[in-house]
Structures are given as structure tokens and as C-alpha cells.
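Please take the two chains below as the starting point for a guided reading.

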Amino acid sequence: MKKILLTLALVFSTAFLFAQQTYPVNGSYDVRPGLYAFTNANIVVNANQTISNGVLLVKDKTIQSVGTGTAIPKGYVVIDLKGKYIYPSLIDAFTSYGIPEAQRAGAAGGFGGFGGRQSVFTSTKKGAYNWNESIRPETEVRTVFTIDTKKADDLRKAGFGSVNAISRDGIARGTSAAVTLNDGKENEVMLNDQSAANYSFNRGTSSNDYPSSLMGSIALLRQTYMDASWYKGQKEEYNISLEQFNKQQGLPQLFEADGWANILRADKVAKEFGKQFIIKSTGDEYQRVDAVKATGATLIIPISFPKAFDVEDPSDARNLSLAQLKSWELAPTNPGVLEKAGIKFALTTYGLDAPRDFWANIQQAISNGLSEKQALMAVTEIPAGILGINDKVGTLEKGKLANFLITSENLFKSGNIIFENWVQGKRFVVNKMDVTDLRGTYNLNIDGVGSTILRITGTAGGSVAAIERLGADSVKTNATFTRNGDWVTITFNLKKNPTGDVRLSGYLTGASPLAFSGDVIVNAMAAGSWNGSFKEAAKEAPKRDEPAKPAIANGPLIFPFIAFGNTTMPVQETVLLKNATVWTNEKEGILQNADVLMENGKIKAVGKNLAAGSAKVIDATGKHITAGLIDEHSHIAASGGINEGAQSVSAEVRIADVINSEDVNIYRQLAGGVTTSHILHGSANAIGGQSQLIKLRWGKAPEELKFGGNDGFIKFALGENVKQSSSTSSTRFPSTRMGVEQVYVDAFTRAKEYEKAMAVKGNNVRRDLELDALVEILNNKRFITCHSYVQSEINMLIHVADSLGFKINTFTHILEGYKVADKMKAHGIAASTFSDWWAYKMEVQEAIPYNGKIMHNVGITTAFNSDDAEMARRLNQEAGKSVLYGGVPEEDALKFVTLNPARMLHVDNRVGSIKVGKDADVVIWSANPLSIYAKAEKTFVDGIAYWDIDRDAQVQKAQKTEKARIIQKLADSKNAGARTQRAFGERPPRLYACESEEDYWAEVNQMEGEHNHE
Amino acid sequence: MNKYISTAIALFASVSLSYGQANISPAKPQSQRIIVLGATIHTGDGKVIENGYITLEKGKITGIGDATTVKFSANDGRLITASGKHIYPGFIAPITNLGLIEIESVKATNDQDELGDNNAHIRSIIAYNTDSKVPATLRSNGILMAQITPQGGTISGSSSVVQLDAWNWEDAAIKKEDAMHMTWPAAPRGRGGFGGGRPGGAALGGVDPNERTQNAIAELNKFFTEAKLYSEATPAVTNTRLAAMKGLFNGSEKLFITANVQKDIVAAVTFAKKYGITPVIVGADEAYMLTDFLKTNNVAVVVKQPHALPNNVDDDVNMPYKNAAALNNAGVTVVVSIDGFWQQRNLPFMAGTASTWGMSKEDALKTITLNAAKVMGVDKTTGSLAVGKDATFFISAGDALDMKSNKVEEAFIQGRSINLDNLHKQLDKKFSDKYGIK
């Protein structure tokens, strides 16, 4: 089979050059010589070299020579370009040109819980392919590609001569093909039938439930690299997908990523396996250009920018977010910013409403900092290089394909006209080249009308006309003007003398001076003839007297790129907080009139009357100071779904892969005194994903939010969510608590066997990321936090853990923990619960607000968590409720949201108390922090005040000014004729809780589908 | 199953508890005069009486004032010394499905949400379950009354005001059909999908969202016009929906309209005014932009949920906390509420939050006492502590608007000293006893 494929490929690659030769002809052969000489041209050979007054010789499909003073051999059709320009025709490295539209199977609804679709666990594709349909490297564009004459025509009109055709379906998408935009037969247009191996995170049309989330896609891609590597050395399984995957590793690796954060994610996976992706992104790279540059990836970026918003109705304008406004303003700077940063990139038409918008947008990018040289490279040499076709296209050199443009002037100048686009030596006329320039003022004599003046202006030798009559009945009006070669039609209405439409049709009777004559029709009645004689050249339209409004300058970047983003990052300072009530959480207890000194991001000293030295002093008289709050159970700051619930065990997925630094909830929670959050996978399945501990370092990049140096955790879950109680259609095992036990027994039994097999030298054991994580648990290298409600299941998991030899670190939620507190205590298991939630589902019918108190009094390390972006803003009040329900001493109560979660997360050596040497994660409260009357006034993380209630007021004010400025700019741009869209606000970001089940990819694809079909 | 659990609890209770959930009986009518002395009395109308006294007889308040001006002996009735403690009028939970729902995710226990769009004839009171386990967990935090409210459709039906210590809904009712509840058809302002989505507004089922809103408003106009005419003449054919609207036009029933966005609030008020009705606006996220308009039209506002996230990314992160104070300080009558049923035990802390973010504690107290009573039309008998009003109040060891100090020691509903036990306290005791801890 391998051999056959190889032979086929060989046959194909030699065949395509002479494809037409294998085709029989019905009738006589009609082979033309195809010899052309273009003279008197400004030939732009490449971005660095232009030949003026040059000659380009073309023979059949290729360029024969480029130069000056070339002697033109006999038999050549000479085309005198009279100073016009020749450019290499453009190349788009990212299109779905000629690809049949895939049928979407998976977009119907979510897995299990909603949507009502039956779960599909493994591939439904017939044949020896991968278990998951989104891994489809066996897809070869060369086998499905067909010429699309309509699209080819659109692209040619925009100046393109060749494109990369990609099947944009799935995570491993197979090979793309670079083709020219010639018409004719597929056999003739192929430039590189294996231009790249393609990837994305998008599940695409796969009918499998897995992956249902971004982190699931990342895990699957990772696992596929491992599977492919294992496949090389094994003999048990035949798998076409893995075989193709391996074969394609030598090709350029092209990844389609949505947004800069996904560029970083894709690159991270690539680096893990020693790969380098070329990344097609969405044009927001300017927001984090340094991080993007650090990937070293060559980019393919779109040249589509957000349309202006219609801001005429202030109430509509109010809907627009700062992020929407700023991205409208700054998106056109993206190519220029990337150029300045020294990032190599190509430009694509992908994402444009129509290829014709390409030029207007590229001019916008140029006026926003992109150089013309870079612009030309980004649509010629760079994409040619990416696609491995730079020996054929991209520059004008001898031996390359005759793929070039003839233009009226500099390609990037506004008003430039593309006259012809030659593809493989074939001429495609975009605009007629040698039309007479009709622009000027004429005296007309028209039977039945009298003498008038005609003015022809506009582009392409005249496209707009106006009629003026002087003297009595003086009138000025626009006329409709059409021309077909030298034949013109001019229609106008003078309102009176005569009334009704006047239609002149006629032709050019003289070239120098220009003259017309023809017939006239008035009111649909033939009225005689007309003639016109050239009077003078058209004058430039007189400039209006009012001075042009100065363009409003662009605003600054903000980090993160949403409201409350920092224009300059707050800095670490040496700060002395004076004279406060300090809740140390240490044996010193609560200190009155005490000081806290922070230096280099750490707590330097705690005590009375500390010397300020060079420190900035903040008077905290009457205030309370505590350690920053720690949320053991949070779902903020994650992208692309919080559950990978398509399978009952998804230990392979990692929240670490999907941290979202641009979530406003980070800022909102800082405003509630939170400094550390444990971002957990949801509770859709028995063994969920690996969690990520973050610090709320507002404005930093995703990787910089990570706590650093801490133990890894993983989410487990029990109860109603795991058995999919709310679903009527789920077929995912298990559907009872009895089944849940067996999922754990099975998973850990497999993990132990796997570990044993891995230990045998020379064994080609398939690396399994899922089992790797379970082995880590068995070896006390990863720790469990388990979503749990009723006592039976809690008891069960304790028993399973005992019998299989692993430990449970924390029960989270644990609303019936009070019923098994003795058992938890005996096993040293910590508890992270809600203060007072109950009655929202069956398994919480006996949840009581005294739960925390009982567990605490039994001696369990007890915390209160949020599982909710709103509640996390007032965890201090939740702690206060343990005083209300059960009279927990205030000092202990505060530890429920500071030191105790730090302990159960194994970071109490770093955070959780006010102790010398610990991280300077500190909150200043206006009152007793357990009170409803307390406000967080300043929140420090690593000694940096990311939240400051006074600064926030200023930020809000500045933000209003900034929005008003951009809204004014939008209004100006509409007045200047920009196309606008209605000012709809963005929907607020999705909030995740444990139970947030969604099929992320189904939603993404549905939205893209809707957009495409508008 | 439920029965099994309650039996289990009852059995257990008979062994080690003085009460069990099933036998937390409603209190007997007040039989003797009660005098509470020495507490700080928060009257609910903005005033505070330090070292005050309060006397109650036959369920009514018969005296209230400065304790230093009166003298009582043991013969005058039951004397309660409450020095250093606080007295508050019973808190009133506005717009709640309490007693209509027991376990949120179990459909069989959900009676709050009727089918159909126009449910004007629906009345909540007959479904209010006095045996629910939830009310007892609210009373122990000072919530002694509630406005039981249906939720389905554009017009959801009528709520009733109840007190939370009753044998059945007839006993519970303080005012039946106090208000009709409707939701204003919101003008579309966001786009569908997450993180952007399709431009131009998502068309659901092929209907433009703007058009859908306009159609819904036209339908409401038609219904209100017909209902008004129906209330003015003897109709030939009975229509239960139209008939149920009568109270709105003769003033015996209030109209609560949920509207959040500036444009919608204005539209909703203008709509009601057209039919001679002064509405109460519920939700009211953007009401703070319309204080003059609301004052001019004498419109009260129920701030739905201070503990909420801002609606928009760009909004002041603390806006939901500040909303009530902004309205109050501008002179608008404000009521504060919280969503849900079991959550109502946190109602006092909603008022506390309103105070933290810009209003006095006594004004904040008003938002869950007198102002609530006013918008429900029950302020003649309850909502504040004054002679002649119902003796519905409680004694707390500390500031009841703060979780740190809310500690309800005794509570009276219409003079009856109610049982403050609940399921949660019982389970606490059961397991604390097991572990031998307190």
C-alpha cells in the first residue's frame, strides 16, 4: 500500500508539468506559441529591485528574460506598456480555494447533557483510520481540489496569481496544495501538491464528542504526536492516519490559530515536540507582540479590520466596549507593528468579506505604519517561501512562471489600476489597458437642448460625468456615464428645457483634440444628433476652504486588552503599611497598630513602629491588613470550555494550556481582595483535568499568571454531574454512583499496569497522557481535589483510594463533609466548601451552613471557596458567615479563605499569612474583613498594587475619555464615508462554574457557519 | 423518598432533640402582653431609639419609645430585657419563589414557572407551601415576611405577601394579590454568540429581534387596553385573564415591571402611565442613570441583586453594589432584593452591602422593611415599628445587616414568639453530638 501511494505520487509529480499532453484532443490541435514582449515597463522584479524602462519576455508559461535594452526576437507580440508597471502576481498562503465545503456533523449540540444528540465516542469513518475523526492527516487537498472559476476570477481581479488551498477541517488536517489561479484543467495549475501539513485546535466536522473543549484539542494534538511516535516502532496496529501524520512531518507545518493567545498555545505544543509551526492568526498580534515574536513563528495574518461602528445613537454607542473601540482603532496597525518587531509574515485575504477589500485595507495598513516594501514581500516572496514555490513564483526572474500584474502605477498607491493579471503566461484582463483618457471639459451642441458643458472626471480614463448649462436656465447636474471602449452613453435630466431624460449616445470621432458625435434621445423620443469638442483639461476639484480636521491620533495599548487594562504596568515598590490592625494568621494573632514592610515582592518585616527607610509609606490607621485571599475552587481566566466531559476520564487535559489573561474577572476579584485562584476543570466527569494555580497579576501574559513552583493538582468529581443526572440522552458510562466507583477502580488499575509496563526496558509502551497523570497521583506527584456532595460517595472514594494506594488531598464542595468529618480527619483530607449553599439540587438537600464549622472543629483543614466569579469577589464575607453559623472565632474564620486554602494547595510556605519571607500578597481593608462593611482598598500581589480603589476611580475616568475620543473618531470616519456596522455590544465573557457543560467547538463552528452564510 | 427522610429526622429528633423540622410548629397566638426593654430599636422608617422599649398586645404594637421614660413591673406582662441588643422590624423578602420550589433541579418540586406568555390569571398564594423546609432557615436570620411571586411568561401573574410562620397559605397571607408581575420586552442590544458573533443581531427563528420586541409591546398594549375596558363595564363574556387585571386599574394591586436597561425602563414607565398606573420597576440595573425621571414619575425601584457582577465588562466593578445607594441618595424609593428562595437568608446582607457602598445603615434597613412594605401596599400594618402596626420584629445580639453580627435570639410575627429552630440547626446538632463538639 505504501508503495502504491508512493508510485502514485511520483507519477503525479512528473505528470502535472505535461498534464495537457496526456489529454486527447477532439479535432485539430490548437497550440499557440505564447510569445510576448512587454516593453517600456517599470518592472518590479522583487521588493528590492525595480527596472525602469525594462523589457519582459514571456514564452508560453514562463519568463524568458527580464532586463533593459533586450533585443526582441522575431515572432513576439510586442506590448508597449508606456511606463506602466509590472509586478509579480500575488500569492495567498491561506485559502480554501477549490476545496469542497465539508458537511458539519458535530455542530448539532453539546455532549450528553444538552442538545439531545447521542454521544459518539470513536470514529464513524470507514477504514483503518484514527480513533478520533478530527485527526485526519490522510486528507490530501490534491485529491479533492477542483478549479473554482468564480473564486479564481475574484482573486485574480484583486491581483493574486497563486494560492495555497487548505482543507480547514479538523485538528490534523492533512496536506494542502499550492496552485495557480489559472483556469483550464486541475492538472495544469498544481505548483506544490504537498505545500504544508495543516493543523488547528478546531474539532471541525468530526462527529466525535471528544474533544469538546480547547484544552481537549490541545491534549489530543499532544497525544497524537506521541501516538505517531509510538506507531513507528510497533506492529500490532495498522493506522493510515498515524502513518500519514509521520510522513508529513518533513513538510512545512501550518497551524491555524484564532487570536494571539492561541499562537502561544500552538507554539508551546510545537516546542514540546521539537516542531516549529507557521501560524495563520487573526490579526490581533499587536496586542502582545513580544510574546508572539518569542515563538519565532512565521505568521500568516489577515488584512481584514473591524468595520467602523455607527455611533450616531449615543445609547447604542454606550454598548460598545473599550476593547471593541480600541481594536477598531488599532487593528490596522497590526502589520506595521509586526514589521517593526521584525516578525516575518505573509498577508492573506482570508477573513475579508471580498478579495476586492484587500487593497483598501492594505492602504490603511500602510498609512498605519506598514512599509510598501514589506507589504509587497508579504504577498509575494514570503508566501512563496512558506509554500515551497519560490522557485516558480514570487519574483520576476528568468525561468519562473509568467505570473505577473500590469498596473497603472505603484501597486500600493490609491487609485492604482490593475489592468492585467497574467497567470502561467495566460492573459486575464481586469481593466482595459489602452483606453483613451477622456477626462476633460467639452462644449456640447445637442439638438433640442442647445449648448452645454460636459465634464468627465474619475478614474480609468474617465468614469464620472457632469453637465452644466450657463446663462438663462443655468443648471448643474450629474450625469450617468458609461463607456464601452470608444463608445459612450451620457444620461442626464435638466428638469426644464427640456423636461425629462436626455440620453446621448455616441463615439469618439477625434483623438487630438478629443471629439464626439452621435444621436440624442429626449424623453424617449429621437431628437436628432449631438457633438462635443474638447475645451480644456479637467481641473482638480477645488479644495474646500475649511481646513481638514486633524486626524485623531491612536490611543495607547493596554494590558490586558480590555477595560481596566494597564497603559503602564504597576510596579513593585518597597512599601511600608503603617499603623493598621494586622491579621497575621500566625501565632502572633491579630496585631493592633502594627506595620507591614514589603520589599522585592516579599514581606520584609511585621511589627510596631518599623523604620520606613526608603520605603513608600501608606498610612493605614484604622484599616485592617490581611494576607491576600485564596480561592481554592475557581473557574475564571480560562478559555474554550472548562469541562472536557466527552469521556469519563480526561486526566490528560490541562487548564494550564488555556489560561486567559484577558478576563475582567481577574480585576474584579482583585477588587475583592483575592490574590491567588486555583483554576479547576469542571465536574462533568469522574476524573477531570489538571488544574492550574494562578496569581491575579492583572495585565501579565498567560504564562506569567501561573503561580510557579507549586505542586500540580487534578480535579475529580462525584455525584449528579458525573452521572449526568440532568441529561435524558446521555449514553456515557456511568449513570449511577455505583458506576462511578468502577470508573476509578478501572482507571487506577490500568494506571498501575501501565506504570509497570513502562518500567520494563525496551518495551514500546504507548505513552498515554491520561495514564501519566494517574501515575503521578499514585506517586504523590499530583494531588486530587474532588468535587463531592453526599456522604456515601465520599466514603466510597476514601475506600477506593485506600485499596488502590493513592491519597485524596482535598474534598471540594464537600457539602456533607460534616457527616464524615471523622473519616476525613483520620485520612488527613482537607475540605473546601461553600459557606451556605443548599437546595439547588437533590444532592444538596442536607447541605448546611454549619458544615464548615463542624469540619473545622473536628480538626480538618477547612476552606470556603467560590466556584463562581461573583461570589469570589466577597470570599471575606463568606468567611464571615462561619461566625454567623456556628460562632467560629474571627481569626479562624479568616483562615478559611487565606491560610487554610494555602495549606491544602501546598503553598502555605509562600502565601496565606502575613509572615516575614512570604510573598507580599496583601490586602488593605477599610474595616474588619469579615464584615459586610469592609471594602478592599488595595490589593498587592508580589508587592505590586494591582488593585487600588482610588486609582480605579481615575482609570474609570480616563477610560470614559478614551472611549469618547474613539467614538468621535468613529463619527468622523462615518462622515468621511466609511462603511459602518451597528453598534452592538459584545456579549460579556462566558462565566464558568463546575457544571458549565458546553461543546465549545460546536458553538465556534456554528457561529462561523452563520457568519459565512450571511 | 422525601417522606423517608423526614421520618428519619423525626425519629432521630424524638431521641435527642426537642424539635424536628416536621414538628417546628407555628407559634400560638399572643396570649399575654410582652414588653421588651433596653434594646437599640431600629424602627425601619429611618429612626433609631437607643435604650428603647416596645410593648405588644394581641399581635399589635401598643407602645414604643425611650425606655427611660417608662416603668414596667413583672405584673405588666412578659418582660424581656434586651440591653445592648438590637430590635429590627421583620425583614420582608420581595419577589421570591419561596415556598413554590423546594429543590431547584427536581422538576416535581418546581411550581414557580407556569407555561404560556400571558399568565395574568395566575396567583401564587395557593401554591405557597408552608411546610417547605426553607422558610424556617430564613426566619432565623430575621426574614419574617415575603412576597411570593410567580415567574413565567411576559405577564407572570399575581404575587401575595405572606408571613413565614403559618399552618397553611390562608394563615400565611398578609395581602393576597398585592402585585401583578410582568417583564418588559427588552430592546436588543447585544449580538448572539459568545466573544463577538454575528453582526446585525441574531435573528431567532427568522424574526428580527427588534421586530420581535415591537410585536411584544404591541401585544401588551392591546391586552392592557382591553383589560381596562373590561374593568370599566360588565363584560358579556368572562375572560379570566382580563378579569385578573382589574386590581391594577382600581389601585388595589400594584404593577411590578422588570426592566434593566435605560431605554427599557423609560418605555416601561411610560407604558404603565398611559393606563393610569404607577409601576414599580424591578431589576433596574441602569436606573441610576434615570433618577430624575423616576422621581418625577414617583416610581419606586426594586434593585434585584446587589451581589451581582456588572452587566458589561467596562462597568465600574462595584456598580451593582452602588446602584441602590445612588438611587436612594437621589430621592428614589428603593427596595433591595435577592434572587431565589433559600438565598433569601442573605437578604439582610444585601442591605448591608447597599450601606457599605454609599447609604446610611438606617436607610439601608428601610430597603428591606418599610420601603418593601410600601411597594407591596402593606405598610399600613407592617414594615416599621409603630403603635398600631403588627408586632412583627426580632431581637438580634448585633447588627443584623452584617453576617459577622447577625444573631437572631427571639422573633415575633404578629406578636407570636416563633420557633427559631430549623433543619440546618438540627443537622448541626445531630452531628456535633456525634463528634462530641460544640
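In chain A, helices α11(A) and α26(A) are oblique to each other, a class that holds angles that are neither under 35 degrees (roughly parallel), nor over 145 (roughly antiparallel), nor 65 to 115 (roughly perpendicular). This is a predicted model, in which local features need pLDDT of at least 70 and side-chain atom pairs count only at pLDDT 80 or more, while totals for chains, interfaces and linings use all residues. Residues are numbered from 1 along each chain as its sequence is written, and chains are lettered from A and ligands numbered from 1 in the order in which they are written.

Helix α11 of chain A covers residues 322-330 and packs against α26(A) at an angle of about 45 degrees, with the axes 10 Å apart; axes here are lines fitted to C-alpha atoms, for helices over the stretch in contact, and angles run from 0 to 180 degrees between N-to-C directions. Helices (H or I, at least four residues) and strands (E, at least two) are DSSP runs, numbered from the N terminus. The crossing of these two helices is left-handed, meaning that the near helix is turned anticlockwise from the far one by less than a right angle, whereas clockwise would be right-handed. From α11(A) the contact takes Leu322(A), Leu325(A), Lys326(A) and Glu329(A), and from α26(A) it takes Gln959(A), Glu962(A), Lys963(A), Ile966(A), Ile967(A) and Lys969(A), two residues being in contact if their C-beta atoms, placed from the backbone, lie within 7 Å. By class, four of these residues are nonpolar, one is polar and five are charged, where Ala, Val, Leu, Ile, Met, Phe, Trp, Tyr, Cys and Pro count as nonpolar, Asp, Glu, Lys and Arg as charged, and the others, Gly among them, as polar.

Because eight of its nine residues are buried, α11(A) is largely enclosed by the rest of the structure. A residue is buried if 20 or more other C-beta atoms lie within 10 Å of its own, exposed if 12 or fewer, and partly exposed in between. Among the buried residues of α11(A) are Trp328(A) and Leu330(A), and the cover over the buried residues of this helix includes β13 (308-310) and α26 of chain A.

Ile218(A), Leu221(A) and Arg222(A) of α6(A) meet Arg265(A), Val269(A) and Glu272(A) of α8(A), a contact with three nonpolar, no polar and three charged residues.

Between the chains, 57 residues of chain A and 44 residues of chain B take part in the contact. On the side of chain A, α23(A) gives the largest share, five residues, and that side has 26 nonpolar, 15 polar and 16 charged residues.

Chain B itself is divided into domain 1 (22-90 + 383-438) and domain 2 (91-381), with bounds that come from an automatic or database domain assignment. The C-alpha centres of the two domains of chain B lie 29 Å apart, and 34 residues of domain 1 are in contact with 34 residues of domain 2. On the domain 1 side, β15(B) supplies the largest share, three residues, and the residues of that side divide into 16 nonpolar, 12 polar and six charged.
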